[in-house]
Amino acid sequence: MTSSVSIPPVMTPSGLELEAPARVLCDHWTLWVTEPGPPGFDLPPEPGPDRIDAQVPGTSAGALHRAGRFDLENPAPLHDKDIWYETRFPAADPGRYRLVFEGLATIADVYLNKQLILTSRGMFTPREVEVTLEPDNHLAIGFRALFPELDKKGPRARWKPQLATSQGLRLVRTTLLGHMPGWCPEVHAVGPWRPITLHRADAPRVHDLRLQSSLKQDGTGTLRFSGRPENLDGTLTLRCAGQQAIMRLQPDGSVLGELSIPDVAAWMPHTHGVPHLHDIELVNGDRTIKLGRTGFRRIDVDRGPDGKGFGLVVNGIRVFCRGAVWTQADLLNLPGGEAAYRPWLELARAAGMNMLRVGGTMTYETRAFFDLCAEFGILVWQDFQFANYDYPVSDPGFAEGVRKEAACQLNLLQGCPSLGVLCGGSEIYQQGAMMGLPESRWKGPLTKDILAEIARDYRPDVPYIENAPSGGAQPFSPNEGIAHYYGVGAYLRPLEDARRAEIRFAAECLAFSHVPDPAVIARAGLGNPGHDPRWKARIPRDRGAGWDFEDVRDHYLRTLYKVEPAEVRYGDPDRYLDLSRAVTCDILEQTFAEWRRGRSGCQGALVWTYQDLMPGAGWGVIDANGRPKPAYYALKRAFRPVTLALTDEGTNGLAVHILNDTPSIRTVALSLVCLRDGTTPVVTGNRDLDLQPHSAMEIPATDLFGAFFDTTYAYRFGPPSHDVTVARLSDRQTGQVCAEAFHFPLGFSQSRHPLGIEGGLSELANGQWQLTLAARRSFRFLQIEADGYSLSDNGFHLAPGADKTIVLTPEAGAAGKVPDCKLWAIDGVGWKTVRGG
């Protein structure tokens with residue numbers, strides 16, 4: 001009789017587990033906080049009133065918050081205390097087991113039945129220890145105060161960055177989250193933040209696993225599995241995508257199996273194809289072990305004609321990588337389960353993001369994160385968790401710890417197709433170079449040799465980058481290699497700098513204080529920005545800087561919209577917030593229009609950041625509760641696989657850019673109209689197009705008109721003849737509008753008009769509703785508020801000539817509720833309500 005068992009890809013420090021854990025130690029944990037004590041077992045004699053329930057995996061901040069003893073608004077330090085976790089559990093079958101800790105943050109002593117069994121000094125390296133269980137067992141973990149460790153002296157640093165509060169963080173392997181004032185709340189990561197599991201000592205597993213999938217140029221997929229089996233009898237057979245191969249025993253005692261799969265359904269980013277995944281199975285006797293899924297893809301690096309660029313070519317197709325830098329979905333708890341990741345990653349896919357970067361100032365995410373990204377067709381740029389500091393890798397013990405950490409993380413991700421780039425760390429080279437040090441001082445073995453070697457060993461299919469940023473006359477010069485681009489943004493450069501800087505690939509860019517919807521602000525209990533000090537406290541800033549990112553946004557509000565931010569903020573705060581939402585949306589859409597056009601040398605850009613860590617106007621394009629901000633919708637429009645954009649080429653006129661990233665021919669109709677007073681057509685043009693797969697096209701606007709017309713108002717022959725140009729791309733078969741783009745030759749106008757918009761709501765299947773809007777004139781930055789519903793688009797421009805449809809999807813608890821939609825625009829007077837029913 002055969003059996004089939006599904007095993008999540010559980011990687012312990014010693015290998016791949018082929019049997020489910022004997023026990024997951026997630027229940028009946030308690031926690032208490034004490035003053036720092038000396039090393040050794042020092043539990044309170046009896047449970048006291050300060051002992052609280054705790055979740056494992058989880059953090060002490062999360063447990064204390066649930067107990068009402070931790071205020072996220074004013075987080076108390078946790079690194080100046082010892083924090084103890086305790087549980088008791090029976091063993092139905094006492095004896096030898098392996099106890100696996102997938103993550104302990106950060107200095108931890110572990111006691112089983114009052115015997116010290118493990119001391120761990122790193123948050124990112126899983127630990128494993130063999131133990132003997134009794135019929136009843138007591139497990140205690142003492143997380144020692146970190147601040148005394150940070151005060152210890154280490155090897156002299158060649159530079160001292162301003163990013164974080166303590167230079168001692170370079171000596172301890174822990175996250176920088178919670179240590180970067182101005183970036184995120186000072187919530188310290190303490191506790192068993194990843195699962196704790198028990199495995200039978202004689203459970204089957206595979207040591208020294210190497211699981212690699214690849215795709216040849218002829219379309220053949222290859223899956224290679226090698227390792228040293230333990231506690232396994234009989235033959236092993238590898239299965240995937242309809243093929244199978246019996247493992248061959250090697251002279252060194254390992255086994256090797258390799259599959260060749262002709263014409264395999266390949267994995268592609270969802271913007272450029274289908275992310276096909278295939279089950280991997282091991283057959284051992286009458287048992288089939290399911291090891292998860294893999295995808296077959298080939299990633300090459302495109303350095304450009306001059307050899308100085310950077311871009312990804314996936315399965316022979318150039319991919320413009322767009323997305324954002326992932327922070328953490330929940331700073332209090334640092335969750336790693338599929339349920340925690342899924343809603344955030346669904347929003348990323350819906351926005352047309354095909355890459356997320358896990359930066360070196362964050363944490364490593366779990367395999368569940370990467371598996372969901374693989375399912376959704378999202379590439380992951382993974383930094384190793386090193387940033388800014390001069391790390392002491394000349395210390396053999398520290399260097400060995402780095403090797404173990406990197407190997408464990410990549411061991412976990414073997415065979416996962418979403419891993420698209422590996423990077424040694426963030427801004428290490430930049431920090432040293434900006435201190436005036438020569439290259440020989442800031443380019444060292446950590447990222448050049450140690451991490452590069454581990455990456456080649458475990459994931460030879462993934463491009464490795466030493467550091468971000470890197471390349472150019474200085475490692476932070478944006479016109480070569482990898483950039484962290486803040487010319488448009490923190491450095492207050494004009495929007496034209498996005499082209500002038502000749503970006504090749506921006507691993508992070510365009511940081512702004514993005515204002516959320518009014519309803520989000522109200523739910524957070526924040527007052528208006530002119531009077532509530534909590535508003536300003538939640539604006540991100542660089543440590544030591546005399547300005548913050550609301551000041552940056554106000555600069556562009558002043559230069560692009562010709563308004564004085566302070567006057568509007570205090571005189572009409574609602575108007576100030578509406579303009580602030582609009583201006584960052586404009587910047588995002590215009591900048592990506594520059595970078596995605598066919599003649600651009602840019603091959604990718606990731607916005608800083610994806611989500612906020614606190615409610616307010618943070619860097620995130622999604623707020624801390626998972627609700628998209630207007631900036632999210634701007635990126636959704638900019639990232640569409642089939643889209644168009646307009647760029648002002650000065651005296652060369654207006655350029656129309658049409659892009660088709662998909663693998664199919666798209667038959668579309670392009671229209672262009674210039675409107676006077678936002679209503680009256682002055683000149684129009686149309687053209688039917690057959691967009692080839694993976695193509696970009698540029699058409700001068702005058703080619704559509706058939707004659708000269710000053711679309712950009714560059715020649716200024718008399719008064720302007722129009723104030724808005726609207727481009728529209730529609731599917732010729734269905735008539736559905738695929739994309740729209742707008743150009744305002746006179747810039748922002750202070751004029752406001754009655755909100756002449758007609759709207760209707762109709763009920764769809766699955767509780768959804770469709771809002772249909774029609775306008776008699778063009779309106780800028782139309783916002784919709786629909787309590788209890790999420791929207792397919794928001795914060796868009798609306799023009800006459802075609803209906804605009806928005807799908808409303810009920811949020812949790814709103815099923816069956818009839819929506820009411822409130823509409824307003826920054827150049828409209830008043831608002832309009834559209835009711836369902």
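**Figure 1. T220 and its side-chain partner D218.** The side chains of T220 and D218 make a polar contact at 3.0 Å; a polar contact here is a pair of N or O atoms within 3.5 Å, where within protein one must be able to donate a hydrogen and the other to accept it, and residues adjacent in sequence count only if both atoms are side-chain atoms. This is a predicted model, in which local features need pLDDT of at least 70 and side-chain atom pairs count only at pLDDT 80 or more, while totals for chains, interfaces and linings use all residues. Residues are numbered from 1 along each chain as its sequence is written, and side-chain values use heavy atoms, with hydrogens and water left out. T220 sits in the loop between strand 14 (205-215) and strand 15 (221-230); helices (H or I, at least four residues) and strands (E, at least two) are DSSP runs, numbered from the N terminus. With a relative accessibility of 10%, T220 counts as buried (buried is under 20% relative accessible area, exposed over 50%, partly exposed in between, using a 1.4 Å probe and protein chains only). Leaving out residues up to four places away in sequence, T220 touches S214, L215, S260, I261, P262, D263 and V264, where contact means heavy atoms within 4.5 Å.

Figure 2. Most residues other than glycine have a negative phi. D263, one of the residues that T220 touches, is not a glycine, yet its phi is positive at about 50°. D263 belongs to the loop between strand 19 (255-261) and strand 20 (278-284), and its relative accessibility of 67% makes it exposed. N766 also has a positive phi, near 60°. You'll find N766 in the loop between strand 41 (757-763) and strand 42 (769-775), exposed with a relative accessible area of 75%.

Figure 3. T175 is in the loop between helix 2 (147-150) and strand 13 (196-200), and at 2% relative accessibility it is buried. Its side chain reaches the backbone nitrogen of L177 at 3.0 Å. A polar atom of the T175 side chain also lies 2.7 Å from the backbone oxygen of M362. Not counting residues up to four places away in sequence, T175 touches M123, F124, A189, T361, M362 and T363. A189 is 14 residues from T175 in sequence, and their C-alpha atoms are 7.5 Å apart.

**Figure 4. Two cis peptide bonds.** Most peptide bonds are trans. The bond from V56 to P57 is cis, with omega near 0°. P57 is in the loop between strand 6 (52-54) and helix 1 (60-66). Another cis bond joins W608 and T609, with omega about 5°. T609 falls in the loop between strand 32 (604-607) and helix 15 (630-638).

**Figure 5. Helix 5 crossing helix 8.** The axes of helix 5 (residues 396-412) and helix 8 (residues 445-458) come within 10 Å and cross at roughly 35°; axes are lines fitted to C-alpha atoms, for helices over the stretch in contact, and angles run from 0 to 180 degrees between N-to-C directions. Helix 5 brings A399, V402, R403, A406, A407, L410 and N411 to the contact, and helix 8 brings L446, I450, L451, I454, A455 and Y458. Sorted by class, that's 11 nonpolar residues, one polar and one charged (Ala, Val, Leu, Ile, Met, Phe, Trp, Tyr, Cys and Pro count as nonpolar, Asp, Glu, Lys and Arg as charged, and the others, Gly among them, as polar).

**Figure 6. W381 in the largest nonpolar core.** The largest nonpolar core has 200 residues, and W381 and W595 have the most contacts inside it; such a core is a set of buried Ala, Val, Leu, Ile, Met, Phe, Trp, Tyr and Cys residues joined through side-chain atoms within 4.5 Å. Helix 14 (residues 573-596) gives the most to this core, with 10 residues. Apart from residues up to four places away in sequence, W381 touches a set of residues including F310, M355, R357, V421, I482 and F505. A second, separate core has 26 residues, among them L236, L238, V255 and L259.

**Figure 7. P565 in helix 13.** P565 is part of helix 13 (residues 565-571) and is buried, at 1% relative accessibility. Setting aside neighbours within four places in sequence, P565 contacts D554, L557, R558 and Y576.
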